[in-house]
Amino acid sequence: MRKALLKIMGAVALLTFVTVLVFTMFKNPLNKKVQVDVFSKPDKVNISFNGINYTTPLKHFKLEVGKKYLVKVSKEGYKNRKFEFVPKNIKSTIIVNLITSVVFKNSIWKISSYCSCFKCTYPYNDGITASGKKVKVGMVANNWLPFGTKVFIKGLGEFTVEDRGNKKYFGTKEEKRQCIDVYMDSHKEAKEFGVKFLKVEVR
Ligand SMILES: [Zn+2]
């Protein structure tokens with residue numbers, strides 16, 4: 001009887017220990033690893049660390065376009081503002097950070113507009129985006145940023161990449177043209193918008 005009780009107590013103690021450990025790991029932002037996709041050669045990266053946001057120039061990083069990285073920042077690194085990106089396959093016990101947006105050297109992008117009409121989207125004028133969603137205001141098309149990427153267009157606000165455009169005008173995954181097609185509800189609005197050159201931040 002006593003043996004059984006000890007076993008149960010042991011199990012409870014172990015379970016509590018594991019729970020606390022897991023909870024601490026997730027609660028402490030220093031233990032989080034955030035995966036970052038490097039889309040194109042960024043000039044600067046915006047970082048959020050412990051609630052503080054700032055921009056770090058590219059010279060602090062060794063980034064290769066198109067590869068996935070884990071971002072790690074040590075406490076000392078944070079103090080000295082030395083950040084490094086470590087390729088995903090390298091095992092690392094050190095820590096984390098969060099990139100909030102990527103600023104490209106040429107941050108002025110070509111912005112155009114479309115609606116779901118025959119003229120704008122033929123032969124894909126079914127109102128469904130390339131990512132398979134019902135098209136609505138707030139969505140944009142770009143041919144190389146992954147679906148779900150948030151882009152902030154100065155003067156227009158934040159949008160989500162959910163659609164693709166004509167390769168002839170919008171490029172491909174290889175030929176990363178800095179252009180965005182903004183969805184609008186009517187053809188009149190889209191036509192009136194025309195083409196603008198605006199500052200874009202990829203978030
Ligand atoms: Zn249209």
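This is a predicted model: local features need pLDDT of at least 70, side-chain atom pairs count only at pLDDT 80 or more; totals for chains, interfaces and linings use all residues.

Reader: How many helices and strands does the chain have?

Author: Both are DSSP runs, numbered from the N terminus: helices are H or I, at least four residues, and strands are E, at least two. The chain has 5 helices and 12 strands.

Reader: What counts as buried?

Author: A residue is buried if 20 or more other C-beta atoms lie within 10 Å of its own, exposed if 12 or fewer, and partly exposed in between; C-beta atoms are placed from the backbone. Of the 203 residues, 20% count as buried. In β11, 4 of the 5 residues are buried.

Reader: Why does Val 202 count as buried?

Author: Because Val 202 has 23 C-beta neighbours inside 10 Å. Val 202 is found in strand β12. Its C-alpha atom is separated by 9.5 Å from that of Ser 107, 95 residues apart along the chain.

Reader: How do I read a nonpolar core?

Author: Nonpolar side chains tend to be buried together in soluble globular proteins. A nonpolar core is a set of buried Ala, Val, Leu, Ile, Met, Phe, Trp, Tyr and Cys residues joined through C-beta atoms within 7 Å. The largest one here has 18 residues; Val 140, Val 151, Ile 180, Val 182, Tyr 183 and Val 200 touch the most other members. Two or more residues each come from β7 (108–114), β8 (139–141), β10 (157–163), β11 (179–183) and β12 (196–202).

Reader: Which residues is Val 140 in contact with?

Author: Contact means C-beta atoms, placed from the backbone, within 7 Å. Leaving aside neighbours within four places in sequence, the partners of Val 140 include Val 151, Phe 159, Ile 180 and Val 182.

Reader: Which way do β7 and β11 run, parallel or antiparallel?

Author: Two strands pair if DSSP finds at least two bridges between them. β7 and β11 run parallel, joined by 5 bridges. Ser 112 has Asp 181 in β11 as its bridge partner. β8 and β11 run antiparallel, with 2 bridges. There, Val 140 stands opposite Val 182.

Reader: And β12?

Author: β7 pairs with β12 in the antiparallel sense over 4 bridges. Lys 110 has Phe 197 in β12 as its bridge partner. Strand β9 (residues 150–153) is also antiparallel to β12, through 3 bridges. Phe 152 stands opposite Glu 201 in β12.

Terms used: Residues are numbered from 1 along each chain as its sequence is written. Two residues are in contact if their C-beta atoms, placed from the backbone, lie within 7 Å.
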